[in-house]
Amino acid sequence: MRLITAPLTGSMLAASVYAVKGFYPQWFQAIAFMEEGLLFLAGLIAGIRLPDIDLLLPGFSHRSGITHSCGFAALFVALGFDAIAGGLAIGIALHLSSDMQPKAWTGGALVKLPWFGSIGMLSPLWLLLNIAGCFWILLSMLPAIEGIGRWAVMTVGLLGGIWYFFYEEKKRVLPLITLGFCLLLVHQYRDGRLNVEVVVQYFV
């Protein structure tokens with residue numbers, strides 16, 4: 001049930017913000033300073049459960065590479081909804097980090113791609129790359145949000161992460177390490193301290 005309620009709740013929250021903004025601009029002025037934070041929260045709520053929507057989609061196997069990716073967040077970036085995209089990104093990243101610790105890398109734990117099937121032991125790499133992709137999207141959208149809106153987004157993201165790990169995730173160490181590693185990787189790359197040449201030199 002939560003597979004539907006979380007994305008639906010996030011969608012309704014985002015729709016409510018846009019509806020008030022469009023139809024009741026005089027009322028919207030009172031909450032305008034919270035717009036980005038509310039839209040980010042909407043994306044976060046939806047993103048935490050969204051990858052497992054493959055369980056409800058005909059023709060999809062569980063742990064589908066389409067839903068277990070940063071693709072949803074990237075789509076909203078392309079559509080120009082940066083705050084929602086950022087929320088989706090952190091929500092999906094939290095979910096994928098949890099998926100990094102199955103009982104065994106077999107069966108339903110493996111990522112499946114359309115027309116290709118299971119990618120086997122490349123599944124952890126797929127999840128890591130898409131968590132990194134989520135952080136790339138998150139860090140890319142923050143500069144577009146100014147003033148109090150940025151603080152609202154960062155506060156919602158922090159509180160959302162704390163809530164997830166305290167109430168949803170029983171095994172916290174590996175997901176936290178995974179998130180920290182991917183965030184550091186993306187930050188170093190964006191800062192120009194990490195590139196393909198630097199990585200390759202450790203293996204040749």
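Colleague: Let's start with Lys112: which residues does it touch, not counting those up to four places away in sequence?

Modeller: Two residues touch, or are in contact, when they have heavy atoms within 4.5 Å. Here Lys112 touches Ser61, His62, Arg63, Ser64, Gly65, Gly107, Gly117 and Ser118, leaving out residues up to four places away in sequence. Before we go on: this is a predicted model, where local features need pLDDT of at least 70, side-chain atom pairs count only at pLDDT 80 or more, and totals for chains, interfaces and linings use all residues. Residues are numbered from 1 along each chain as its sequence is written, and side-chain values use heavy atoms, with hydrogens and water left out.

Colleague: Where is Lys112 found?

Modeller: First, the naming: helices (H or I, at least four residues) and strands (E, at least two) are DSSP runs, numbered from the N terminus. Lys112 sits in strand 1.

Colleague: Lys112 has a charge to think about. What is the nearest side chain of opposite charge?

Modeller: Buried means under 20% relative accessible area, exposed means over 50%, and partly exposed is in between, using a 1.4 Å probe and protein chains only. Lys and Arg count as positive, Asp and Glu as negative, while His and the chain ends are not counted. A salt bridge puts a side-chain nitrogen of Lys or Arg within 4 Å of a carboxyl oxygen of Asp or Glu. Now the case: Lys112 is buried yet has no salt bridge, and the nearest side chain of opposite charge, Asp54, is 7.9 Å away.

Colleague: Which backbone oxygen lies 2.9 Å from a polar atom of the Lys112 side chain?

Modeller: That of Gly107.

Colleague: Gly117 was on that contact list too. What does Gly117 contact beyond its neighbours within four places in sequence?

Modeller: Val111 and Lys112. Gly117 belongs to strand 2 (residues 117–118) and is partly exposed, at 27% relative accessible area. Sequence distance and spatial distance are separate things to read: Gly117 and Gly65 are 52 residues apart in sequence and 9.5 Å apart in space, C-alpha to C-alpha.

Colleague: Back to salt bridges. How many does the count come to?

Modeller: The count comes to 3. In one of them, the side chains of Glu35 and Lys21 meet at 2.9 Å, N to O. That pair links distant parts of the chain, 14 residues apart: Glu35 in helix 3 (residues 35–49) and Lys21 in helix 1 (residues 2–23). Glu35 is buried, at 13%, whereas Lys21 is partly exposed, at 39%.

Colleague: What about Glu168 and Arg49, how do their side chains meet?

Modeller: In a salt bridge of 2.4 Å, N to O. Glu168 is in the loop between helix 7 (148–167) and helix 8 (173–190) and Arg49 is in helix 3, so the pair ties together parts 119 residues apart in sequence. Glu168 is partly exposed at 24%, and Arg49 is buried at 16%.

Colleague: And which residue's side chain meets Arg63 in a salt bridge?

Modeller: Asp99, at 3.7 Å, N to O. Arg63 is in the loop between helix 3 and helix 4 (71–78), and Asp99 is in the loop between helix 5 (82–98) and strand 1 (112–113), 36 residues away. Both Arg63 and Asp99 are buried.

Colleague: How do I read a phi angle?

Modeller: Most residues other than glycine have a negative phi. Arg63 is not a glycine, but has a positive phi of about 65°. Trp115 is another residue other than glycine with a positive phi, near 65°. Trp115 lies in the loop between strand 1 and strand 2 and is exposed, at 90% relative accessible area, whereas Arg63 is buried at 7%.

Colleague: Last one: which residues of helix 8 are buried?

Modeller: Pro175, Thr178, Leu179, Cys182 and Val186. To read their layout, take the arc of the directions from the helix axis to the C-beta atoms. Those buried residues fall within an arc of 95° seen down the axis of helix 8, so they line one face. The face turned away from the buried side carries the exposed residues Val173, Ile177 and Leu184. What covers the buried residues includes helix 5, helix 6 (123–141) and helix 7. After helix 8 comes Gly192, with a positive phi near 80°.

Note on methods:
A polar contact is a pair of N or O atoms within 3.5 Å; within protein, one must be able to donate a hydrogen and the other to accept it, and residues adjacent in sequence count only if both atoms are side-chain atoms.
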